[in-house]
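I opened this model today to look up a few local details, and I kept short notes as I went. Here they are, in the order I took them.

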Amino acid sequence: MLFKKNKIRDLELKNRVIMAPMCMYSAKEDGIVAPFHIEHYITRAVGGVGLIITEATAISPEGRISNKDLGIWNDKQVKEFKNLITRVHSYDAKIGIQIAHAGRKAEDCDEPLAPSQLKFSEKYKTPKKLSTQDIIDIRNEFLEAIKRSIEAGFDMIEIHAAHGYFINQMLSPFSNKRDDIYGGSFENRNRFLLEVVKEARKFYKGVVFVRLSAVDYEETGFTLDDCIKLCKELKKLDVDVIDVSTGGNSTNYTNAIYPGYQIEYAKAIKEKAEISTSAVGMINTYEMAKHTLIRGDTDYVLLGRELLRNPYWVVNNAKKYENIDFINKNYVRAY
């Protein structure tokens, strides 16, 4: 299963290995793709990855984690993304974009924007509490970012609702203390994300992933049961895959991290919400990736740091274990 072709809607992938979004903090001024990004992503395309998802790409200048983040809020950014996409496609790989807003975790912003006036930690600035209209404005910025992503030619779109960034902050009772239509009840805290997806589906019929932190690891935070209930609603709105991660919304926890430690969450969501999932988190070996799929724990595996260490992980393992050839013709002599 790991190295076989498959389809999500009309998007055909040559295998089930996905490059996880990883911030590189290397963008040009104004969030524009730099030469580094061209080399970075093309190397993984040559290395045989089926689908590459770009690092978190901000919907606005205020939505960046740092001033070195990529952005998708203007035409110049779109133009440079078109070049990147064309070059990745030339190596028979697909490429998607992860769109994001950092919320209270914006490090270089004078006044971060957040659902509630709560700092992420003492190292971060106190954010501005947003009005209801401010929240609606950010929702519309997400929708504009999706439209620009379509214009750029990305093969799929992932909405970043994990790791303590803006949408995750909205979802969690730990970070959302609002008393308007975007806070309080479970339904209200979900409202922002569901509105983004619902409105996007009116004009975008392509593949949509949503990245979620299945748990906050906080007693008063977002739980796995919450996540499963939310994923059932996302399925109704035609989300294709839940990209399952954990944590990031609090510094007040310690959790065991070991190879494959997040697979159990992807499995639970897949089974109980009856929606496709992808798993991420120290999936380092061919055996772990393969058996995760064979057992049916998840539908796709995301590799992050492993692809930083070894951009040719797919090529090498496909050839070694299954005699499947993803090798670029220029490199055949090595095999």
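This is a predicted model: local features need pLDDT of at least 70, side-chain atom pairs count only at pLDDT 80 or more; totals for chains, interfaces and linings use all residues.

Next I turned back to helix H8 itself, residues 286-294, and asked which of its residues are buried. I got Tyr-286, Ala-289, Thr-292 and Leu-293. These four cover an arc of only 145° around the axis, so they sit on the same side of H8.

What do the buried residues of H8 pack against? I noted helix H7 (263-273), strand E12 (300-303) and H10.

I then followed up H10. The axes of H8 and H10 come within 11 Å and cross at roughly 75°. An angle from 65 to 115 degrees counts as roughly perpendicular, so I wrote H8 down as roughly perpendicular to H10. On the H8 side, Tyr-286, Glu-287 and Ala-289 make the contact; on the H10 side, Trp-313, Asn-317, Tyr-321 and Glu-322 do. By type, I sorted the residues of this contact into four nonpolar, one polar and two charged.

My last stop was Asn-328, in the segment after helix H10 (313-322). Is Asn-328 buried or exposed? Its relative accessibility is 18%, and buried means under 20%, so Asn-328 counts as buried. Setting aside neighbours within four places in sequence, I found Asn-328 in contact with Val-46 and Tyr-91.

Terms used. Residues are numbered from 1 along each chain as its sequence is written. Side-chain values use heavy atoms; hydrogens and water are left out. Helices (H or I, at least four residues) and strands (E, at least two) are DSSP runs, numbered from the N terminus. Buried means under 20% relative accessible area, exposed over 50%, partly exposed in between (1.4 Å probe, protein chains only). Contact means heavy atoms within 4.5 Å. The arc is that of the directions from the helix axis to the C-beta atoms. Axes are lines fitted to C-alpha atoms, for helices over the stretch in contact, and angles run from 0 to 180 degrees between N-to-C directions. Angles under 35 degrees count as roughly parallel, over 145 as roughly antiparallel, 65 to 115 as roughly perpendicular and the rest as oblique. Ala, Val, Leu, Ile, Met, Phe, Trp, Tyr, Cys and Pro count as nonpolar, Asp, Glu, Lys and Arg as charged, and the others, Gly among them, as polar.
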